[in-house]
Amino acid sequence: MSHAYADDGYGSHGYSGDGYPVDPHPRDKRPDARTTPRLTLDWQRADCAATLREHSARFGPLPRHAGGRSDLLDQVEASRLTGRGGAGFPTATKMRAVAARRRSAVVVANGMESEPASEKDKALLARAPHLVLDGISLAAEAVGAAEAHICLPRTRGWLVDAVLAAIGERQQAGIDQISVAVHELPHHYVSSEETSLVHWLNGGEAKPTTTPPRPFERGVGKRPTLIDNVETLAHVALIARFGADWFREAGTREASGTMLTTVTGAVSRPGVYEVAAGTAVGDVLELAGLQAGAEAVLIGGYFGTWHDIAAVDGRPFTAGGLRPVGASPGAGVLFALPAEACGLAEAARIARYLASQGAQQCGPCLFGLPAIADDLGQLAAGRPEGDPLSRMQRRFGVITGRGACHHPDGAVRMAASAVRTFQADAHAHAQRRPCLSAYSGRQHGRQQTAMLPVPRPFAEGDWR
Amino acid sequence: MTMTLQVDPIACTGHGLCADLLPELIELDEWGYPILADSVPPDLVAHARRAVSACPALALRLVRRQHQLVPRHQSSARRARYEGDR
């Protein structure tokens with residue numbers, strides 16, 4: 001299935017879908033916290049990037065902080081904003097760690113979005129690039145950075161053009177004190193890891209490096225480096241305008257603000273949705289029109305975990321809400337497994353993809369992930385050699401935690417959750433009885449066992 | 001002071017000499033890469049040093065304790081999650 005940037009795919013919380021808000025320009029430029037979209041405000045009004053003029057009309061001008069740099073840091077801390085790239089680390093802590101270093105800092109906006117099941121960073125940059133650029137500008141000021149970069153995947157040239165156009169507008173208007181350099185990186189799965197960005201910006205390959213030092217200590221040009229996901233920076237832009245209290249009006253005590261989610265699979269309206277943090281998994285799925293019969297969901301993307309929808313339905317789509325079931329929202333990804341698809345086959349394809357997407361640097365990942373992908377593949381096909389189930393269980397334990405980055409850990413987590421969630425299937429497959437969907441798919445000549453988008457692997461050596 | 005062994009997983013090419021020299025603390029996985037014990041007891045420190053200096057890839061290290069990766073006041077759960085950014 002190709003995963004095109006479909007213009008019908010963008011819903012947003014609060015719109016009924018059949019019309020535009022009555023008052024498109026709120027009087028005080030402050031989007032209502034609970035009912036109105038924030039980042040996605042007015043996305044349905046245009047099918048291209050908001051111009052600087054439209055952006056300023058929507059949210060007001062880039063605020064100047066009278067209180068100096070500590071003022072914004074305080075606001076971000078009080079907002080309890082967490083990183084939206086997947087790890088969910090407190091943004092203020094990261095910013096303060098960079099600001100506390102003596103050398104002048106570097107800000108890097110991470111728009112790589114290597115997660116194939118996520119579309120939100122692409123959507124955000126395509127519709128509201130100025131929100132992200134505002135965030136870069138403000139974050140640079142707050143941490144004392146003299147240099148800023150935005151990293152985008154090389155495979156999305158049109159997006160690079162959109163961001164460059166937006167930067168051009170800002171230069172003409174003269175609103176930024178810092179100039180943002182746009183970079184196009186190879187689009188491997190591990191290339192969005194923050195150490196990969198640093199390594200690439202320093203002239204190396206877009207592969208993770210051994211830590212420490214972490215980028216906040218010594219990153220781009222050996223300077224302390226703040227690396228934030230583009231959505232995180234967009235939230236910073238709104239917090240700087242409307243304050244921490246406003247930000248926290250959406251969300252829960254545990255998770256504040258709104259978040260972008262990508263919902264695909266067995267839903268009638270796949271796309272990017274902005275929801276209040278803490279919205280239940282089931283409600284997010286309903287927003288996209290969950291189809292009848294879907295029973296399982298992949299939460300958090302290819303590094304995520306499979307679950308029965310019934311078991312996570314009422315759980316908040318947040319780190320804290322999902323921790324008890326061993327899941328994490330990741331970059332806000334939900335994939336509902338269609339009733340006719342085979343979860344093991346999907347998991348096997350993801351595992352194969354992740355195995356090919358390693359940096360090929362560390363032994364346990366280089367050999368372990370293909371081994372697990374083989375095990376899962378044998379199981380999915382119902383053609384086991386030996387006992388792939390117990391072999392996998394042993395390998396899960398051996399591989400985890402032994403790579404330079406967390407690529408092997410994420411792949412293992414996904415595979416283990418598939419075996420757990422599709423347990424009945426797994427045992428049947430292991431006894432050479434693959435599930436019905438594998439047969440029906442073949443009978444009808446449809447590609448029913450290929451639901452998730454798996455990008456084509458890059459040519460060998462294309463890391464620079 | 002507790003000593004631990006660390007392997008640089010990028011540098012390690014799976015020669016396996018370390019497991020030969022220090023089987024008490026190092027075993028090899030099915031692909032020949034070392035799996036290390038958590039800490040090095042004092043009576044094995046000298047042997048550990050020998051294994052470190054024998055590594056052809058200079059991938060093995062003997063260090064005092066794990067480096068602090070993120071600011072001290074973060075919980076270990078936070079610290080773990082910080083590493084998983086994608």
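Colleague: Before we discuss neighbours, what puts two residues in contact here?
Modeller: Two residues are in contact if their C-beta atoms, placed from the backbone, lie within 7 Å. Please bear in mind that this is a predicted model.

Colleague: Then take A:Glu295. Which residues is A:Glu295 in contact with, leaving aside its neighbours within four places in sequence?
Modeller: Those residues are A:Asp308, A:Ile309 and A:Ala339.

Colleague: Where is A:Glu295 placed in chain A?
Modeller: A:Glu295 lies in the loop between helix 9 (281-287) and strand 7 (296-299) of chain A. Its C-alpha atom is separated by 6.9 Å from that of A:Leu337, although the two residues are 42 residues apart along the chain.

Colleague: Why is A:Glu295 classed as partly exposed?
Modeller: A:Glu295 is partly exposed because 16 other C-beta atoms lie within 10 Å. A buried residue needs 20 or more, and an exposed one has 12 or fewer.

Colleague: Let us step back to chain A as a whole. How many helices and strands are there in chain A?
Modeller: Chain A has 17 helices and 9 strands. Of its 464 residues, 57% are buried. Among contacts between residues at least 6 apart in sequence, 72% join residues at least 24 apart.

Colleague: Which domains does the assignment give for chain A?
Modeller: The domain assignment gives domain 1 (43-248), domain 2 (258-337) and domain 3 (343-443). The C-alpha centres of domain 1 and domain 2 of chain A are 25 Å apart.

Colleague: How many residues are in contact between domain 1 and domain 2 of chain A?
Modeller: On the side of domain 1 of chain A there are 13 residues, in contact with 14 residues of domain 2 of chain A. Helix 4 (residues 120-127) of chain A gives the most to the domain 1 side, with 3 residues. By class, that side has 4 nonpolar, 4 polar and 5 charged residues.

Colleague: Now the packing. Which residues touch the most other members of the largest nonpolar core?
Modeller: They are A:Ala351 and A:Ala415, in a core of 138 residues. Helix 8 (residues 230-248) of chain A gives the most to this core, with 10 residues. A second, separate core has 16 residues, including B:Cys18 and B:Tyr33.

Colleague: What does A:Ala351 touch?
Modeller: Not counting residues up to four places away in sequence, A:Ala351 touches A:Ile372, A:Ala373, A:Leu376, A:Ala411, A:Met414 and A:Ala415. A:Ala351 is one of the buried residues of helix 12 of chain A, and 12 of the 14 residues in that helix are buried.

Colleague: Turning to strand 5 of chain A, how many of its residues are buried?
Modeller: In strand 5 (residues 258-265) of chain A, 8 of its 8 residues are buried. A:Thr258, A:Leu260, A:Thr262 and A:Thr264 point one way, while A:Met259, A:Thr261, A:Val263 and A:Gly265 point the other way. In a regular strand the side chains alternate between the two faces of the sheet.

Colleague: Which strands pair with strand 5 of chain A, parallel or antiparallel?
Modeller: Strand 6 (residues 271-276) of chain A pairs with strand 5 of chain A in the antiparallel sense over 6 bridges, and a hairpin through 5 residues joins the two. The bridge partner of A:Thr258 in strand 6 of chain A is A:Ala276. Strand 9 (residues 333-337) of chain A pairs with strand 5 of chain A in the parallel sense over 4 bridges, with A:Val263 opposite A:Leu334.

Colleague: And strand 4 of chain A: which strand do 5 bridges join to it?
Modeller: Strand 1 of chain A is joined to strand 4 of chain A by 5 bridges, and the two run parallel. A:Val106 has A:Thr225 as its bridge partner in strand 4 of chain A. In strand 4 of chain A, 5 of its 5 residues are buried.

Colleague: Lastly, what covers the buried residues of helix 7 of chain A?
Modeller: The cover includes strand 1 (105-110), strand 2 (145-153), strand 3 (180-185) and strand 4 (225-229) of chain A. In helix 7 (residues 194-201) of chain A, 8 of its 8 residues are buried, among them A:His199 and A:Trp200. Just after helix 7 of chain A, A:Gly203 takes a positive phi of about 100°.

Note on methods: Residues numbered from 1 in each chain as written. Chains lettered and ligands numbered in written order. Predicted model: local features only at pLDDT ≥ 70, side-chain atom pairs only at ≥ 80, totals over all residues. Core = buried A, V, L, I, M, F, W, Y, C linked by C-beta atoms within 7 Å. Pairing = 2+ DSSP bridges. Domains from an automatic or database assignment. Nonpolar A, V, L, I, M, F, W, Y, C, P; charged D, E, K, R; others polar.
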